[in-house]
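Dear colleague,

Please read them with the model open beside you.

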Amino acid sequence: MPIKRNGVSWGVAKELSGLAIALLALLSEHPMHPYEMHQLMTERGEDRLIKIRAGSLYHKVSALQNAGLVEIVCTSREGNRPERTTYRITAEGVEALQQVVYDRVAKPVNEYPIFPLAVAELHNLPAEETIQALRSRIVALEIDERTYLAHRDGVQARALPQRYYLDLDYSLIMIRAELTWLRATVDQFQTGELQWQ
């Protein structure tokens, strides 16, 4: 059952992109300027969840300000550096963040990833190319798995509570599930169980 929140229309929360959600989440930690947001997201490896580009980030912060979800705290300058504007999340921004996170977790939505479509069309490739493609994906995902494990180990070494890296656990489980399917499919090719013309 969706949580009813005051002050924020679901239309505002529903339109929040992945980058907007990540920025609101950062600003819920403490006020910061866009350059700091970009550095922190990169340092935390959030580029595995969303595309992070400095230009898009500055544009999105401005859009969040126009929507009343963030506001300017101050503008400062250090030495010869350009002015930096520090933002904080508003009460409406907190409500929108909570609403969109709740809704996106509670209600499954088909996001139409390209990989299942490519799998559905694998029959268009010769068997040798299909096996080669599957094995290439296995190698790439094994590298991803090691990267995620190292990242999780690094987070755990800093003694952060697990609630801050649930996404890493989820991603590892999804990678491992896909690896299980890929390896089983390659095995079916090798045993002849999977017939290919």
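Asp 167 is partly exposed, with a relative accessible area of 24%, where partly exposed covers the range between buried, under 20% relative accessible area, and exposed, over 50%, for a 1.4 Å probe and protein chains only. Before going further, please note that this is a predicted model, in which local features need pLDDT of at least 70 and side-chain atom pairs count only at pLDDT 80 or more, whereas totals for chains, interfaces and linings use all residues. Residues are numbered from 1 along each chain as its sequence is written, and side-chain values use heavy atoms, with hydrogens and water left out.

Salt bridges

Eight salt bridges are counted, each being a side-chain nitrogen of Lys or Arg within 4 Å of a carboxyl oxygen of Asp or Glu. One of them joins Asp 167 to Arg 48, with the closest N and O atoms 2.5 Å apart. This pair links distant parts of the chain, 119 residues apart, since Asp 167 sits in helix 8 (residues 166-191) and Arg 48 in the loop between helix 3 (34-43) and helix 4 (54-66); helices here are DSSP runs of H or I with at least four residues, numbered from the N terminus. Arg 48 is partly exposed as well, at 25% relative accessibility.

Helix 8 also pairs with helix 7 (residues 127-157), through Glu 178 and Arg 137, which are 41 residues apart; the closest N and O atoms of this salt bridge are 2.4 Å apart, and Arg 137 is partly exposed at 30%. A further salt bridge, at 2.7 Å from N to O, brings together Arg 176 and Glu 145. Because Arg 176 lies in helix 8 and Glu 145 in helix 7, this pair ties together parts 31 residues apart in sequence. Arg 176 is partly exposed at 35%, whereas Glu 145 is buried at 16%.

The largest pocket

Arg 48 and Asp 167 return here, being among the residues that lie nearest the centre of the largest pocket, together with Ile 21, Leu 49 and Tyr 170, in a lining of 47 residues. A pocket is an open set of points on a 1 Å grid over the protein atoms alone, where a 1.4 Å probe fits, with protein on both sides within 12 Å along at least five of seven lines, and lining residues have an atom within 4 Å of a point. The largest share of this lining, eight residues, comes from helix 8.

With regards

Conventions. Helix = DSSP H or I, 4+ residues; strand = E, 2+ residues; numbered from the N terminus.
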